[in-house]
Structure formats: C-alpha cells, structure tokens
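Subject: A structure for you to explore

Hello,

Here is the structure I promised to hand over, with some notes on what I found in it. Please keep it open while you read.

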Amino acid sequence: MSKSALITGILGQDGPYLAKLLLSKKYKVYGMIRRYSNPNFGNLDYLGITDKIDYIEGDMSDESSLINVIKVVRPDEVYNLAAQSFVGDSWRMAKLTTEVNALGVLFLLNAIKLFSPMTRFYQASTSEMYGIGNSNGYQDEETNFHPRSPYGIAKVYAHMMTINFRESYGLFTCSGILFNHESPIRGIQFVTRKITDGVARIKFGLADKLYLGNLDAKRDWGFAGDYVEVMYRMLQEKKPNDFVVGTGENHSVKEFVKLAFEYGGISDWQKYVVSDARFKRPAEVHELKAKPDKAKKLLNWKQKVSFKELVKMMVEADLKRVKTKSDLADSG
Ligand code: NAP
Ligand code: F7E
C-alpha cells in the first residue's frame, strides 16, 4: 500500500519540491493550508503538481485545527515546513513568529502523540539556531546555539521540543538543521531571489537600482530541490536522528550579487546596487558554513547543484519571468 504524508507549508518554497519528490515515490500527499480569501498556488503550479495534492485547512497558531488535521489524515509521515520564515520580519512580529514557529510545533507534536503516535515527524530546523554560537569556522550537530533573532530563538524551542517528544514519549521525531537553500520559487524577500529578480528588472528597464542591506554577510547556499531529498531520507531511517544539511562552502552576499549580474549580462553591478539601512538587521548572523559529514555518511546524501549553477538557474528563471511580463505589458 502506498504511504501518506502531510506537508505543512505546502505553498512555500520547500513544500512543492518535497511534494513533487513524494509524489514520484507514489505517496498520497496532503497539503495543509491556512484559511485564505485567495490562496496562492503559484509555486505548486510552477512545478506542475497543484492538482495532485489533497488540501486540508489548518493553522499553526490554532491547536484545535491541528488536532483536526491529524485526526482526519493520520498520515505515515508529517513534514512540518510551515513557519514565519523571514528572519528580518521576526523582530517586527516577534509574538506571531513565536506562536507559529515555536508553540505551533508543540501543538502539532501533541496532536501526533494523542491521535497518531505511529506517525513519523520531520521538523524544519535551521542554521539560524547557531547564530553566533561557538564554531571552528563551521557548524555541525555539536555546535552550540546562540540565535540572534526571534526567528532563531523560536526555532531552538521547536528543535528542542522535537527532541523532547522523542526522548519522553518514544515518538519518531527528527530535525533537519538546514542551511540556506534557494530556488526559482524562493520568496521574493530573501536576498538571493531579491537579487535575481532585481537583475531581471534592471535588464528589462523596469528598475534602475537594487537596494540591499549587509553585503558582507556569508551564507552556505544550496538548492532547495536537493535538500528535500534529505528530509525524506531522514524519515526512512531505522532510528530518529537530527542532521546538519548544507554544502560545506559559503559565499558573501556581494559574491552572489556579482555573479548574478554577470549571468544577467550586466558587468558593472556597483552602478546599480545601493546600500540601504532599512535592510540591515538589529543583530546580524555574519557567517554560516555547514559541516554536513553526518548526513553524508549516514544518509548517503550530497548536494547536486553547485553555487554557480544555483545562481545561474535563478537568474535565468527570473529573466524569463520578467521578460514574459514585460512582453505581455507591451502587447497591451
Ligand atoms: P516559506 O517559503 O516561507 O514557506 C513557509 C510556509 O509556511 C508558507 O507556505 C506559509 O503559508 C506557511 N505558514 C506560515 N504561517 C503559517 C501558519 N500560521 N499556519 C500554517 N502555515 C503557515 O519557507 P521555506 O523556505 O519553504 O522553508 C520551509 C521551512 O524550512 C520553514 O519552516 C523554514 O523556517 C525552514 N527553513 C528554511 C530554510 C531555507 O533556507 N529555505 C533553511 C532552514 C530552515 P503562506 O503560503 O500562507 O504564507
Ligand atoms: O538573508 C543579508 C541578510 O533573508 C541572508 C531563511 O530561509 O535562511 C534564511 O534566512 C543574508 C543575511 O536569509 C539583504 O542580512 C543583505 O545576512 O536571504 P536572507 P536568512 O536570514 O539567512 C535560514 C537558514 C532560515 O532558516 C530562514 O528561514 O543576506 N542581506 N541585504 C539581506 N537579506 C535580505 N533578506 N534582504 C536584503 O536586502
């Protein structure tokens, strides 16, 4: 019999890539969505799978809705990808971020414990939990947490609660500590997509500047399509475990900018990029770099898309998207 999986955050970036992977493995995929006046299925449309998913309403900030979802679906696997995931907004919306990213996970774990204890659970943990935790130039499963944002702090709570449900009640709960991963369907607020969209707009004359914050920050950037594979593999293991997932190399925002402009056919990026204090953070995470040895060894995982390929893929997708829009506008 085919397995079933519930994905929260199905309309975001990772949800569609994971759904596509699970569908290819013949899973029945349920996608939890919030109540909307007008839901946006754009990312699922981009991957051509909107009609292949069973949707169910639930909100991470509403415990009764999560109990209902788990009672109705009783899936073999839950992938909890829902979150207020933008670090910058987490200072402006600290309470909401805590409710959704921390308490929401407690609600979901409790619902599984009470109504579907055989369900395997994946929690979307993050390198933002490390913040400025001590490191030797990299972060692995042993590195201390010292989160620098309400987002990172809420994710530490959820991460520890995921471990606690495993240790207290014997549930199969895992955390993937994923470093930044991007794609052509990355949210437009995040720096990579903001840059590639900006390059395309400048190229087609729809913008003349790109306003950015701290260009010196360094991140370990990979491709989202590669990272959902590891989520799946974690839940197929004999025992629940936590894994760091990243590429093992990092690059500055400035390097990303330079390369993106090059792929866009614009050589003098300095002419277009403006430093803007609005996009700087009250407390920055200056540098992150994964040491994903455990995932490589135990899950036999390795990313396929390199940094350069990722930047190229994102620039090309945005050039195509913006060109189509401007062609449509021209044709009236
Ligand atoms: P994303 O694009 O922002 O997607 C998050 C999804 O969560 C959205 O579909 C959003 O729904 C949903 N959501 C937000 N609040 C909700 C609520 N109250 N109830 C139900 N759903 C809610 O994020 P992503 O990049 O796919 O990341 C997936 C997960 O991995 C997140 O938990 C993120 O924190 C974590 N993570 C991401 C990265 C990364 O680099 N991408 C790295 C480490 C960890 P709407 O569509 O309605 O807004
Ligand atoms: O920022 C700097 C910014 O917003 C990356 C989320 O998926 O990954 C993501 O969090 C860096 C930071 O991602 C701008 O200060 C400069 O140093 O793309 P970002 P993030 O904060 O690393 C982690 C792993 C997650 O878990 C999160 O959910 O880029 N930066 N100028 C800028 N960032 C933004 N957004 N906009 C700028 O203009």
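A handy definition to begin with: Ala, Val, Leu, Ile, Met, Phe, Trp, Tyr, Cys and Pro count as nonpolar, Asp, Glu, Lys and Arg count as charged, and the others, Gly among them, count as polar. This is a predicted model, where local features need pLDDT of at least 70 and side-chain atom pairs count only at pLDDT 80 or more, while totals for chains, interfaces and linings use all residues. Residues are numbered from 1 along each chain as its sequence is written, chains are lettered from A and ligands numbered from 1 in the order in which they are written, and side-chain values use heavy atoms, with hydrogens and water left out.

**The second largest pocket**

With those classes in hand, the lining of the second largest pocket has 6 charged, 4 nonpolar and 2 polar residues. (A pocket is an open set of points on a 1 Å grid over the protein atoms alone, where a 1.4 Å probe fits, with protein on both sides within 12 Å along at least five of seven lines; lining residues have an atom within 4 Å of a point.) Its volume, the space filled by probe spheres set on the points, is about 170 Å³. Among the lining residues are Y17, K20, D226, R233 and W301. Two elements, α1 (14-24) and α8 (224-236), each give two or more residues to this lining, and α8 gives the most, with 5. (Helices, H or I, have at least four residues and strands, E, at least two; both are DSSP runs numbered from the N terminus.)

**Around ligand 2**

Next come some atom pairs. An oxygen atom of ligand 2 lies 2.9 Å from a polar side-chain atom of R186, and a polar backbone atom of V191 is 2.8 Å from an oxygen atom of the ligand. A polar backbone atom of G213 is 2.8 Å from a nitrogen atom of ligand 2. The protein covers 96% of the 700 Å² of accessible area that ligand 2 has on its own (Shrake-Rupley method, 1.4 Å probe).

Enjoy exploring!

Conventions
Polar contact = N/O pair within 3.5 Å; in protein donor to acceptor, adjacent residues only side chain to side chain.
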